[in-house]
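Please look over the sequence and the model shown here before reading the account that follows, which moves from the overall fold to individual charged pairs.

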Amino acid sequence: RMKRLVRDHLRYADEIQCAAARIVTSLRAAELKNGRDGTFDSLHLRRQDFTTVFSLVSSKSDDILSEKYLKENRTVYVAT
């Protein structure tokens, strides 16, 4: 029930949506300028958000995930 409420009724403010669109447009343009296909990879890394308990994910885990899912010689946008 809560997931449906969030999905159906919560929205980001227009300023946030527009800022995100500008970032995506800029990343795609940079990729095209560099002779690539305009795509990029992205990561959203979180540690200890909203909690005081130590995180179970280490920076080493990030390295392993990066090697598995990210393509070589490709732009990576990292959000934290």
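Among contacts in the protein between residues at least 6 apart in sequence, what percentage join residues at least 24 apart? The share is 62%, where a contact means heavy atoms within 4.5 Å. This is a predicted model, in which local features need pLDDT of at least 70 and side-chain atom pairs count only at pLDDT 80 or more, whereas totals for chains, interfaces and linings use all residues. Residues are numbered from 1 along each chain as its sequence is written, and side-chain values use heavy atoms, with hydrogens and water left out.

The protein contains three helices and two strands, arranged along the sequence in the pattern α-α-β-α-β; helices (H or I, at least four residues) and strands (E, at least two) are DSSP runs, numbered from the N terminus. Of the 80 residues, 8% are buried, a class defined as under 20% relative accessible area, with exposed being over 50% and partly exposed in between (1.4 Å probe, protein chains only).

Confidence is expressed as pLDDT, the predictor's confidence in each residue, from 0 to 100. Its mean for the protein is 79, and 74% of the residues reach 70 or more. Where pLDDT is low, the predicted coordinates should not be read in detail.

Helix α2 covers residues 14-33, and its 20 residues should span 28 Å at 1.5 Å a residue, which agrees with the 28 Å between its end C-alpha atoms; the expected span is 1.5 Å times one less than the number of residues. After α2 comes Gly35, whose phi is positive, near 80 degrees.

The structure holds three salt bridges, each defined as a side-chain nitrogen of Lys or Arg within 4 Å of a carboxyl oxygen of Asp or Glu. Asp8 pairs with Arg7, their closest N and O atoms being 2.7 Å apart; Asp8 is partly exposed at 34% relative accessible area, while Arg7 is exposed at 54%. In the salt bridge of Arg36 with Glu31 the closest N and O atoms are 3.0 Å apart, with Arg36 partly exposed at 36% and Glu31 buried at 1%. Asp41 forms a salt bridge with Arg74, at 3.5 Å between the closest N and O atoms. This pair links distant parts of the chain, 33 residues apart, Asp41 lying in strand β1 (residues 41-44) and Arg74 in the loop between α3 and β2 (76-79). Asp41 is buried at 11%, and Arg74 is partly exposed at 23%.
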